[in-house]
Amino acid sequence: MLQTFFWPSPTRYRAPQMSPPKSIKFHWRWRWPTTAVVLAAVVLAVMANRPAADPQTNLLNKGCSLYNATNLSNFYTNLNNTFSDLRSQLRGSNTKFATAQQAMGSDPVYAMAQCRDYLSMADCVACFDMAAVQIRNCTGANGARVIYDGCFLRYESSTFYDQTTLPGNVGICGNDTASQPASQPTAFQTAAQGLLTDLETATPRINGYFAAATRVVAGGGSTVYALAQCAQTVSQSGCLGCLQVAYGNIQSCPPDADGRAADAGCFLRYSATAFFGANQTTNITPFLGGGSRNKNAIIGGIVGGGGCLLLIIGLILWYYYHQSKYAAPRGKTIGASELQGPKNFSYRDLKSATKNFNKENKLGEGGFGDIYKGTLKNGNIVAVKKLVMGTSKGEMRGTLNWKQRFDIIFGTARGLSYLHDQFHVTIIHRDIKSSNILLDDEFQPKIADFGLARLLPDGQSHLSTNFAGTLGYTAPEYAIHGQLTEKVDTYCFGVVVLEIISGRRCNDFNAVEAEPVTDYLLERAWKLYDDGMHLKLVDEILVGSNGYTDKAAKKIIEIALMCTEMPASSRPTMSEVVMLLSDRPTDLMRPARRAFMDNDNRVPDDSSSTTGSSTSNATASFTEYTGC
């Protein structure tokens, strides 16, 4: 399950005398199918027959993923079922927030819908219906989002429910009816900024993460109306961080009479005109820390009495009380928020999850045992391998055609792209190899075994760490110097691609009896490439199979070699690899710098690779290094 959703480049917009949707320009290409136009007309007609309805469908932001679903039939089925589930939740309960997912098979769909709490239930559903029509203009894109004044709709191919802020968060100053500065500009600016700051502080502490409030402008005669809202599946700190970014995007909008900020997990708006009812405001004063004087007095008395231990205990209890009181419901938080390192399970837990390793839950057979589908107590679905000790390693069964192998390559690239660039932190897997890529019933790849994964902190170029991984797949700069970057995964991916294309393991010598092989796979691939004969690397079974062409095979081999180049900085990012593998026209750079070593050629090294193991290891031969 891979997230491939892209937000636009960071944008801040100040509207002239026109509506924001006409002035904000994005690089997506929109197509309006006939069915979408008809549906839009029907929805508008229904809305027109409902006097006093105001779903607030002023379009603020929209966008589509750069990547399409692989199986459109299955994708549309999942998308339709997910949207139907969202609509049922919004209609059937007194809630303005819903998540739904269809994760079975290829191209899963995870979706989220949220209405502003001040909307009526009917207006909330009407806003959702408009968003559902609008978002379908993305046709087969595997991720999209639409943001209106009144609601928000987003879907992805992997969980995103705990995301808060992403590049491309947008601030909009003014709109078509209130783009002129408010009366009493200075006083209005002071009141608006003060109210937004208070909402930023209070909203994360309010259950449900929603607050609407007003503030009278000094001197009388006008009022500021404002609201703040976060997705209910984010953390309290995540909500606060998102609203801080949102406030930064519209802080300079006043004295404009209207301003909005939208992000992945929050929404902030103010206006000189009322856009919610007078009876829908929130008393935010209790959530602004107004009781701090009393708490300080109590703390001072305890310290004065020598009760330091009691003070510490009291502070701990106070902290956990407020965490539980104001935190968002955690039951709905799934997916990436649970990425907290490996977790050990007892045999009893796994036996229960797989229903005693029932044959109905059997997914496949591995070299050392069978693999079963398991459902944990928290509802998460996992794959469980039941090891059979004392057996020899199983043989590879059957063959995969060209299309199946390409889908595995492309899907794995998308997964790594998500881990490196599209998650809220950079995740380095460290052990990408063929045996860690699982296939479902439709031969769609799933990257597995994150036991060695590491997080790369923001602003840090690399990690210096001890080697952990599988020799033969791991990049030289990491195996020798201990320098870990996401380009280590890129190198591993390149080796895996060569294995998939050739049908050889990375350390096989005599894979073809008629033509004895005396080089390791990567070394042989580079030598064939240097001689202009790299098509000889292709598994003979592939020639003539479904979709195979020499041109396509040659292109993928060259991409794989680019991924194994040295130094690491010359390798493409995994997002660039995805683009190179796609059908979109790109300028394919030809690989130039081989990544292996022999007795006569030493590995080029990044100038920054000075930590880790002794550099004397750099003289090791390629065959010593690549043994798997």
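Predicted model: local features only at pLDDT ≥ 70, side-chain atom pairs only at ≥ 80, totals over all residues.
Where is P255 found? Select it and you land in the loop between helix 6 (236–250) and strand 10 (258–262).

Next, jump to P567, in the loop between helix 14 (550–563) and helix 15 (574–581). Here the bond from M566 to P567 is also cis, and its omega is near 0 degrees.

Why stop at these spots, and at the next two? Most residues other than glycine have a negative phi, and most peptide bonds are trans.

Pick T139, in the loop between helix 4 (121–135) and strand 5. Its phi is positive, near 45 degrees. T139 counts as partly exposed because its relative accessibility is 22%. Then try N356, which sits in the loop between helix 9 (347–353) and strand 12 (362–366); its phi is positive too, at about 60 degrees.

Now go to D149, in the loop between strand 5 (144–148) and strand 6 (151–156). D149 counts as buried, because its relative accessibility is 5%. Show its contacts beyond four places in sequence: Q56, N58, L60, R116, Y118, R260, F267 and R269.

Last, colour by pLDDT. The mean for the protein is 75, with 70% of residues at 70 or more. Residues 315–342 fall below 50, yet this stretch has 43 contacts in the model beyond near neighbours in sequence. Finish at residues 510–514, where pLDDT stays under 50 and the model has three contacts beyond four places in sequence.

Conventions
Residues numbered from 1 in each chain as written. Heavy atoms only, no water. Helix = DSSP H or I, 4+ residues; strand = E, 2+ residues; numbered from the N terminus. Buried < 20%, exposed > 50% of the residue type's maximum accessible area, 1.4 Å probe, protein only. Contact = heavy atoms within 4.5 Å. pLDDT = per-residue confidence, 0-100.
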